[in-house]
Amino acid sequence: MSAEASSSRYTAVAIALHWAMAALLLFMIWLGWNMEDNEGRFQLHKSIGITILFLALARLGWRFANPPPPLPEGMPKREKTASHAVHIIFYALMIGIPLGGWLMVSISPFQVSTVLYGVVSWPHLPFTEGLRGETLYGIVEFFHSKGAWVIIALLALHVAGAVKHEIGAEDGVLKRMLPGLFGKANAPALPARGFLFAFGGSLALFAAIAATSLLSAGPASSAPAPLGATSSNANWTVDYAASEIKFAGLYEGKPFEGTFATWAADVAFYPEALARSKVSVTVDTRSASTGKKLYDDTLKGREWFNVGDFPEATVVLSDFKQATSGYTATATMTLKDKAVSVPLSFTLDIDGRQARLNGQVTFTRKALDLGQGSDPDGKWIGDQVVVTLSGRAERTQ
Ligand code: HEM
Ligand code: HEM
C-alpha cells in the first residue's frame with residue numbers, strides 16, 4: 001500500500017461495526033445461557049444471531065474494500081501474526097456460530113419456526129430435512145456452545161494485545177479502533193468505498209433468503225371448493241361474514257386462540273329429515289391465524305398442518321340427532337389424510353329462513369398427529385384443541 005493510500009485509523013464504518021458487533025456478541029452469549037424455556041428470548045437470540053451473520057458478511061466485504069491500516073512498524077512479527085490469527089478466527093466464529101445455530105434449528109426434533117424480530121419469517125437451511133435428529137443436533141450444539149467460550153478466550157488475548165500495544169513502546173493500536181472523538185484527531189481518514197458492495201450484497205442475500213420463505217408458504221387461496229359441491233343437495237347458504245371457525249388451546253398453561261380465515265361449507269340440513277342431512281366444511285389450513293406470526297408459521301410446518309402437502313382439511317358432520325337442547329352429530333375431521341371422528345353438539349336457532357348455529361368440538365393433537373415430534377406429551381402445548389363453530393345461514397329450499 002502506498003504511503004498516501006494508507007491511514008493509521010480504521011474507517012468510521014469499521015469502527016462502528018466493531019463495537020456494535022462486540023456488544024451484540026457478548027449479549028448473545030449471555031442470552032444463550034439465559035433463555036431456557038423462554039420462547040421470547042429464544043426468538044430474540046435467533047433474530048440477533050441471524051443479524052450478526054449478515055453484519056459479519058457485510059463487515060468482511062467492507063474490510064475487503066477498505067483494508068485495515070498497517071500495524072505499527074516496531075511491532076514484533078510474531079505479535080502481528082498472532083493479532084491477524086485472532087482476527088481471522090473471530091470472523092470464522094462470527095459466521096460459523098450463527099450458521100451452526102441456523103443448522104441446529106433446521107434439524108432440531110423440535111420444529112419451532114424462526115420469525116426474526118416477530119416480523120420476518122426465516123426459512124430453515126435448505127437440504128437439511130434428511131439430517132433431522134438428535135445425534136447431529138448434539139454435535140452442532142457442542143460447537144455452538146463451545147464457540148462462545150472460544151470467543152471469550154480470544155477476547156482476553158485480543159484485549160490484552162490492544163492494551164499492551166497501547167501502553168507499550170509502539171504507536172497506539174487501540175486508538176485505531178476508537179471513534180474519532182477518542183482516537184487520533186489528526187489521523188487522516190481515507191475516503192471509504194465499497195458501501196454498496198458490502199452492505200448492498202449482504203442485504204440482497206438476506207432479502208433473497210427471506211423471500212424463499214414467502215414463496216414456499218404460498219398465498220392463502222380464496223375460498224376452497226366445498227366438498228362435493230357439484231353433487232350436493234345443499235339447502236342453506238352460509239353468511240361467511242357472520243360465521244367463524246375458531247380453535248383454542250393452552251400454551252404454557254395460558255390460553256391461545258386462532259381462527260381459520262378461509263373455509264367453505266356445503267350445508268344440507270333438514271331439521272325435519274335429519275337422516276338426509278350432511279354438512280361438509282373444507283378449511284384452508286394455510287389461513288390459520290393466531291395473531292402471532294411465530295405460531296402461524298409453526299402451524300404451517302410439517303409436523304403441524306404441513307400445509308405444503310396438505311393445504312386443506314375437511315370436517316364432515318353426519319349422524320344428526322335431536323338432543324334436549326339442540327342437536328348432536330358426529331364430526332369427522334380429515335387432516336393430513338388421517339380421519340378422526342368425535343361427537344359434536346350444537347344449537348340451531350331457526351327464525352323463518354334464517355338460522356344461527358353454535359357448536360363446539362374437542363379434538364386431541366395426538367389423534368390428529370399435530371406437533372407429535374416436538375411436544376407429544378403436551379408439556380408446552382395442551383393436547384386438547386377446542387374447535388368452535390359459529391355461523392349464520394339462510395335456508396334456500
Ligand atoms: C453469533 C451469534 C450467536 C452466539 C454468540 C450464540 C451463542 C449461544 C450460546 C452461548 C448458547 C448457549 C449454549 C449452551 O447451552 O451452552 C446458544 C444456544 C443456542 N443458540 Fe445460539 N448463538 C448465536 C447465534 C444463533 C443463531 C443464529 C441461532 C439460530 C438461528 C442460534 C440458535 C441457538 C439454539 C437453538 C441454542 C440452544 C441450544 C440447546 O441448548 O439445545 N444461535 N447460543
Ligand atoms: C467479542 C468482541 C470482539 C470481537 C469479535 C472483536 C473483533 C475484532 C476484529 C475482527 C478486528 C479486526 C478489525 C476488523 O476487521 O474489523 C478487531 C480489531 C480491534 N479490536 Fe476487537 N473485537 C472485540 C472486542 C474488542 C474489545 C473489547 C476491544 C478493547 C480493547 C477491542 C479492540 C480492538 C482493537 C484495538 C482493534 C484494532 C487492532 C488492530 O488493528 O490490530 N476489540 N477486533
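Modeller: Two residues are in contact here if their C-beta atoms, placed from the backbone, lie within 7 Å. Please also keep in mind that this is a predicted model.

Colleague: Where are the two domains in the chain, and how far apart are their centres?

Modeller: The domain assignment gives residues 3-217 as domain 1 and residues 236-395 as domain 2, and the C-alpha centres of the two lie 47 Å apart.

Colleague: Switching to the ligands, which residues come nearest to ligand 1?

Modeller: Of the 21 residues around ligand 1, the nearest are G32, G49, G101, S145 and A148. Two or more residues of that shell come from each of α1, α2 (39-65), α3 and α4.

Colleague: Which element gives the most to it?

Modeller: That is α3, which supplies six residues to the shell around ligand 1. By class, the shell around ligand 1 holds twelve nonpolar, seven polar and two charged residues.

Colleague: And what surrounds ligand 2?

Modeller: There are 21 residues around ligand 2, and the closest are A22, H87, F90, A162 and M177. The helices α1 (12-33), α3 (77-107) and α4 (134-167) each supply at least two residues of this shell, which divides into 15 nonpolar, four polar and two charged residues.

Colleague: What about the strands, say the ones joined to β12?

Modeller: Strand β12 (residues 384-395) runs antiparallel to β3 (residues 236-251), with nine bridges joining them, and W236 has R395 as its bridge partner in β12. Eleven bridges join β12 to β11 (residues 354-364), and these two strands also run antiparallel, with T364 having Q384 as its bridge partner in β12.

Colleague: Last one: which residues have the most contacts inside the largest nonpolar core?

Modeller: They are V267, V283, V315, L317, A331 and M333, in a core of 38 residues. If neighbours within four places in sequence are left aside, L317 is in contact with V279, A329, A331 and L344. A second, separate core has 22 residues, among them L25, I52, I107 and V115.

Key
Residues are numbered from 1 along each chain as its sequence is written. Chains are lettered from A and ligands numbered from 1 in the order in which they are written. This is a predicted model: local features need pLDDT of at least 70, side-chain atom pairs count only at pLDDT 80 or more; totals for chains, interfaces and linings use all residues. A residue is near a molecule or strand if its C-beta atom, placed from the backbone, lies within 6 Å of it. Helices (H or I, at least four residues) and strands (E, at least two) are DSSP runs, numbered from the N terminus. Ala, Val, Leu, Ile, Met, Phe, Trp, Tyr, Cys and Pro count as nonpolar, Asp, Glu, Lys and Arg as charged, and the others, Gly among them, as polar. Two strands pair if DSSP finds at least two bridges between them. A nonpolar core is a set of buried Ala, Val, Leu, Ile, Met, Phe, Trp, Tyr and Cys residues joined through C-beta atoms within 7 Å. A residue is buried if 20 or more other C-beta atoms lie within 10 Å of its own, exposed if 12 or fewer, and partly exposed in between; C-beta atoms are placed from the backbone. Domain bounds come from an automatic or database domain assignment.
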